[in-house]
Amino acid sequence: MVQYNFKKITVVPTGKEFIDIILSRTQRRTPTQVHKGYAISRLRQFYMRKVKFTQQNFHDKLSTIIEDFPRLDDIHPFYGDLLHVLYNKDHYKLALGQINTARNLIGKIAKDYVKLLKYGDSLYRCKSLKVAALGRMCTVIKRVSPSLAYLEQIRQHMARLPSIDPNTRTILICGYPNVGKSSFINKITRADVDVQPYAFTTKSLFVGHTDYEYLRYQVIDTPGILDRPFEDRNIIEMCSITALAHLRAAVLFFLDISGSCGYSIAQQAALFHSIKSLFMNKPLIIVCNKTDLQPLEGISEDDMKLVMEMKAEALKTVIGQGGEPTDDDGVLLKMSTLTEDGVIAVKNAACARLLDQRVESKMKSKRLSECLNRFHVAMPKPRDQKERPPCIPQAVLEAKAKKAEETAEKEKRKLERDIENENGGAGVYSASLKKNYILAHDEWKEDPMPEILDGHNVYDFIDPDILMRLEELEREENVLQGLEADDDFEMDGAELTPEEQAALAEIRKKKSLLIQQHRIKKSTAESRPTVPRKFDKDKRFTSERMGRQLSSLGLDPTMAIDRARSKSRGRKRERSVSRGGYGDDSMEVDGEQANKKLRLRSRSASRSKSRPPGEVVPGEGYKDTAQKTKAIKMAKSSSKKRNKDARRGEADRVIPTLRPKHLFSGKRSIGKTDRR
């Protein structure tokens, strides 16, 4: 059985890419160094090798393209006509013919220039001939660039074609657009064909697979066909016509009796009669779809008459296959893809009709008659009138009965889906996940589960009377707040002396002024600029004013002013004796003695406080100085080799590349080699 797999066709490069691939391969695979001091025979051989190598690469690449693309005369007529419909057979052959011509031209060019190179008399002459030969080859490839681009587009499209085996068991679905063909193939196979409520959703052939009686069937969904002349049909419709004409398959002609597809039954009947010649020698079934919208018995008499005429035409295919004229059970079938009513029946009828036809055709073939001569089928005859019923062991009968009981129980068992439908359907009914728990008592299943936090049951810490306690606390808090309100009092001026009343009035006035100033500042904070203190015209924040205010209160302002001035000035660089931390006694020493002490202390502090390397510090783990010195020496000697190899530490075991490939591969070009 021939398998057509167009996905294995080699990618066709463009003209520019083709030239770059071949020339770069020639540069990499052939010698690149030559000197004028070589013998003339060596020079000729050098350039002849380049020309021959380039020609061979072009020949191999073009031959691969020509051989990978299928020949329309050698493949199955279905694929031949399909490619002709999609790409135009003449253009396809012309493109392949131009590639073949380019291959022959490149061979002739190489042959001519190799002949000329045999008589080259100098390095310059040989090199010029080589350049001319390669240039003419590239020119030939540039001229066939449009053909290469066309073949690449065809290759990409052919790779997307479904893998259809023309010789296997096939069910073909056809009819007007939007009659339910794609919905049917989605129901009976794993295919995922796009289904939309408008015409010509399916624009190419789609393939799905289904099983019937342990045999695999391929189901082909074809685009919709319109009732119009053959010349007016477009590429999409011609794909369906090609499949009907060349594939040996059982044909399902879909009929939308509801008219929701946009075409009446009369138009669909006219299409049936216009293409009925394509149904010859094929099992034909009329499928009345969308019976959920319009039952077959409810259509008008004229439409019923048209349906009966189509049924009569379909019966002729049954008679042609050797069937009885009255055998019309599997010719006209009703179905609804929305409710899935009758879908499996249509599939089984089509598979059975196709299987019967294929068996009958094989029985009529000469090959089977040659094989039957070698077989003898023995038919037993009764020797007496005694009945001999089959003897079945009792254990087998019991096992069968037990299995039948289990099957009956399974059928009777109410599923969760049934319970859901009884209780309001999806979104209303919520399935209980606890009813299948295996517990000692069934009444425990619906008990609330305890929530455990840090090993403790949360419910143990819940007070059932918490709301009542909260109300008691709120009442107690309200009582306390009432007592505090009674204790508050406002200072009244009736109990004060006239001097105290004047002071209280002054304080209240000052407080209100400060609050007013603060509110003004707050309201204008965003727009108010920051004014340096030296431009403060009001002089509100000066040390003199602070001194006057403190003096008016009867306080000595000297220490406060000195402290404010010391904070406003920057820190001085020189050290003060008092900050040296020498105690109070240093204040009693005169200036010369103080400076001497400072120099002595700074000198002693600047001395190094480090110990010798061999001195043992408690906690280091060494027994004595000799052991520590020996350990330091061993550590230094062990790190010498590591430092020499530029290791990061003891765990750095990286093995570097001794000869980096990018530095030691390839050919050196004519010129500098200082890079290596």
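Gln55 touches Ile106, Gly107, Ala110 and Met137, once its neighbours within four places in sequence are left aside. In this predicted model, Gln55 is found in helix 2, and with a relative accessibility of 16% it counts as buried, because the cut-off for that label is under 20%. Here is a friendly tour of what surrounds that starting point.

**Overall make-up**
- The protein has 676 residues, and buried ones make up 28% of them.
- Its secondary structure comes to 21 helices and eight strands.
- Among contacts with a separation of 6 or more, 66% are accounted for by residues 24 or more positions apart.

**The largest nonpolar core**
- This core has 114 residues, and the members that touch the most others are Phe69, Phe184, Leu244, Leu252, Phe253, Ile275 and Phe279.
- Helix 4, which spans residues 89–117, supplies the largest share of the core, with 11 residues.
- Which residues does Leu244 contact, leaving aside its neighbours within four places in sequence? They are Leu172, Cys174, Ile225, Val251, Ile275, Leu278, Phe279 and Lys282.
- Two of those partners, Ile275 and Phe279, are themselves listed among the core members that touch the most others.

**The second largest pocket**
- If you are looking for a place to start with a grid, the second largest pocket has a volume of about 480 Å³.
- Its lining consists of 27 residues, and Asn178, Gly180, Ser183, Val195 and Lys290 lie nearest the centre.
- By residue class, the lining divides into nine nonpolar, 13 polar and five charged residues.
- Helix 7 (residues 181–188) gives the largest share of the lining, four residues.
- Lys290, one of the residues nearest the pocket centre, sits in the loop between strand 5 (284–289) and helix 10 (301–320).
- Is Lys290 buried or exposed? Its relative accessibility is 15%, so Lys290 counts as buried.
- The backbone of Lys290 also deserves a look: its phi is near 65°, a positive value in a residue other than glycine.

**Salt bridges**
- The structure holds 18 salt bridges.
- One of them joins Lys93 and Asp73, with the closest N and O atoms 3.8 Å apart.
- Because Lys93 lies in helix 4 and Asp73 in the loop between helix 2 (40–68) and helix 3 (77–87), this pair ties together parts that are 20 residues apart in sequence.
- Lys93 counts as partly exposed at 40% relative accessibility, whereas Asp73 counts as exposed at 63%.
- Another salt bridge links the side chains of Arg125 and Asp121, at 3.9 Å from N to O.
- Arg125 is partly exposed, with a relative accessible area of 45%.
- In the salt bridge between Asp211 and Arg216, the closest N and O atoms are 2.6 Å apart.
- Arg228, Arg233 and Glu237 are linked in a network of salt bridges.

**Exposed loop residues**
- Where is Ser430 placed? Ser430 is in the loop between helix 14 (416–422) and strand 7 (452–453).
- Ser430 has 63% relative accessibility, so it counts as exposed.
- Ala646 belongs to the loop between helix 20 (625–644) and helix 21 (661–664).
- Although Ala646 is not a glycine, it has a positive phi of about 60°.
- Ala646 is exposed, with a relative accessible area of 63%.

How values were computed. Residues are numbered from 1 along each chain as its sequence is written. This is a predicted model: local features need pLDDT of at least 70, side-chain atom pairs count only at pLDDT 80 or more; totals for chains, interfaces and linings use all residues. Side-chain values use heavy atoms; hydrogens and water are left out. On a 1 Å grid over the protein atoms alone, a cavity is a set of points where a 1.4 Å probe fits but cannot get out, and a pocket is an open set with protein on both sides within 12 Å along at least five of seven lines; lining residues have an atom within 4 Å of a point. Grid points are joined across faces, edges and corners, and a volume is the space filled by probe spheres set on the points. Helices (H or I, at least four residues) and strands (E, at least two) are DSSP runs, numbered from the N terminus. Ala, Val, Leu, Ile, Met, Phe, Trp, Tyr, Cys and Pro count as nonpolar, Asp, Glu, Lys and Arg as charged, and the others, Gly among them, as polar. A nonpolar core is a set of buried Ala, Val, Leu, Ile, Met, Phe, Trp, Tyr and Cys residues joined through side-chain atoms within 4.5 Å. Buried means under 20% relative accessible area, exposed over 50%, partly exposed in between (1.4 Å probe, protein chains only). Contact means heavy atoms within 4.5 Å. A salt bridge is a side-chain nitrogen of Lys or Arg within 4 Å of a carboxyl oxygen of Asp or Glu.
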